[in-house]
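Please consider the following structure. The discussion below turns to its charged pairs and its nonpolar core.

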Amino acid sequence: MTFEEAIGFYKTNRAIGKALELSDARISQIKSDGGFAYPEQCVLEKDSKGELIARKQDAPTTPSKAA
(Lines give C-alpha, C1' and ligand atoms only; values in the text may rest on other atoms or scores of the structure.)
Protein backbone atom coordinates (compact mmCIF):
# COMPACT_ATOMS: atom_id res chain seq x y z
CA MET A 1 0.00 0.00 0.00
CA THR A 2 1.10 3.52 -0.60
CA PHE A 3 1.20 6.17 2.07
CA GLU A 4 -1.64 7.94 0.26
CA GLU A 5 -3.82 4.82 0.45
CA ALA A 6 -3.17 4.55 4.18
CA ILE A 7 -4.05 8.23 4.72
CA GLY A 8 -7.22 7.70 2.69
CA PHE A 9 -8.27 4.99 5.12
CA TYR A 10 -6.96 6.35 8.44
CA LYS A 11 -7.35 10.08 7.64
CA THR A 12 -4.46 11.25 9.87
CA ASN A 13 -0.82 10.44 10.58
CA ARG A 14 -1.79 10.08 14.24
CA ALA A 15 -4.32 7.32 13.46
CA ILE A 16 -1.69 5.46 11.41
CA GLY A 17 0.77 5.88 14.26
CA LYS A 18 -1.73 4.47 16.71
CA ALA A 19 -2.30 1.40 14.52
CA LEU A 20 1.46 0.84 14.19
CA GLU A 21 2.26 1.94 17.77
CA LEU A 22 4.63 4.62 16.41
CA SER A 23 4.99 8.34 17.11
CA ASP A 24 3.67 11.08 14.84
CA ALA A 25 7.29 12.01 14.08
CA ARG A 26 8.09 8.45 13.00
CA ILE A 27 5.07 8.39 10.67
CA SER A 28 6.29 11.66 9.11
CA GLN A 29 9.72 10.05 8.63
CA ILE A 30 8.12 7.02 6.96
CA LYS A 31 6.34 9.36 4.56
CA SER A 32 9.63 11.17 3.80
CA ASP A 33 11.38 7.84 3.26
CA GLY A 34 8.89 6.90 0.55
CA GLY A 35 6.35 4.78 2.36
CA PHE A 36 5.87 1.78 4.62
CA ALA A 37 8.16 -1.21 4.83
CA TYR A 38 6.36 -4.44 3.97
CA PRO A 39 6.00 -5.58 7.63
CA GLU A 40 4.38 -2.24 8.53
CA GLN A 41 2.02 -2.64 5.58
CA CYS A 42 1.05 -6.08 6.86
CA VAL A 43 0.14 -4.62 10.26
CA LEU A 44 -2.01 -1.96 8.59
CA GLU A 45 -3.66 -4.57 6.35
CA LYS A 46 -4.64 -6.60 9.39
CA ASP A 47 -5.74 -3.52 11.37
CA SER A 48 -7.89 -2.33 8.44
CA LYS A 49 -9.48 -5.80 8.16
CA GLY A 50 -8.27 -6.10 4.58
CA GLU A 51 -9.40 -2.68 3.36
CA LEU A 52 -5.72 -1.88 2.75
CA ILE A 53 -3.54 -4.40 0.92
CA ALA A 54 0.15 -4.93 1.68
CA ARG A 55 2.28 -5.00 -1.49
CA LYS A 56 6.04 -5.55 -1.44
CA GLN A 57 6.44 -3.42 -4.58
CA ASP A 58 5.13 -0.38 -2.65
CA ALA A 59 7.86 -0.62 0.01
CA PRO A 60 10.72 1.88 -0.32
CA THR A 61 13.78 0.48 -2.04
CA THR A 62 16.16 1.82 0.60
CA PRO A 63 15.81 1.03 4.29
CA SER A 64 14.65 3.75 6.62
CA LYS A 65 17.34 5.83 8.31
CA ALA A 66 15.34 6.24 11.53
CA ALA A 67 15.12 3.46 14.07
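Is Asp24 buried, partly exposed or exposed? In this predicted model, Asp24 has a relative accessible area of 32%, and therefore counts as partly exposed. The salt-bridge partner of Asp24 is Arg14, with the closest N and O atoms 2.6 Å apart. Because Arg14 belongs to helix H2 and Asp24 to helix H3, this pair ties together parts that are 10 residues apart in sequence. Arg14 is exposed, at 59% relative accessibility.

The model contains 3 salt bridges by the rule applied. Another of them joins Arg55 to Glu5, where the closest N and O atoms are 2.8 Å apart. Glu5 lies in helix H1 and Arg55 in the segment after helix H4 (38-47), so the pair ties together parts that are 50 residues apart in sequence. Both residues count as partly exposed: Arg55 has 24% relative accessibility, and Glu5 has 34%. Arg55 also forms a salt bridge with Asp58, the closest N and O atoms being 2.6 Å apart.

The nonpolar residues follow. In soluble globular proteins, nonpolar side chains tend to be buried together. Here the largest nonpolar core has 12 residues, among them Phe3, Ile16, Ile27, Ile30 and Leu44. At least two residues of this core come from each of helix H1 (3-10), helix H2 (13-20) and helix H3 (24-33). Leaving aside residues up to four places away in sequence, Leu44 touches Met1, Ala6, Tyr10, Ile16, Ala19, Leu20, Phe36 and Leu52.

Key. Residues are numbered from 1 along each chain as its sequence is written. This is a predicted model: local features need pLDDT of at least 70, side-chain atom pairs count only at pLDDT 80 or more; totals for chains, interfaces and linings use all residues. Side-chain values use heavy atoms; hydrogens and water are left out. A nonpolar core is a set of buried Ala, Val, Leu, Ile, Met, Phe, Trp, Tyr and Cys residues joined through side-chain atoms within 4.5 Å. Buried means under 20% relative accessible area, exposed over 50%, partly exposed in between (1.4 Å probe, protein chains only). Helices (H or I, at least four residues) and strands (E, at least two) are DSSP runs, numbered from the N terminus. Contact means heavy atoms within 4.5 Å. A salt bridge is a side-chain nitrogen of Lys or Arg within 4 Å of a carboxyl oxygen of Asp or Glu.
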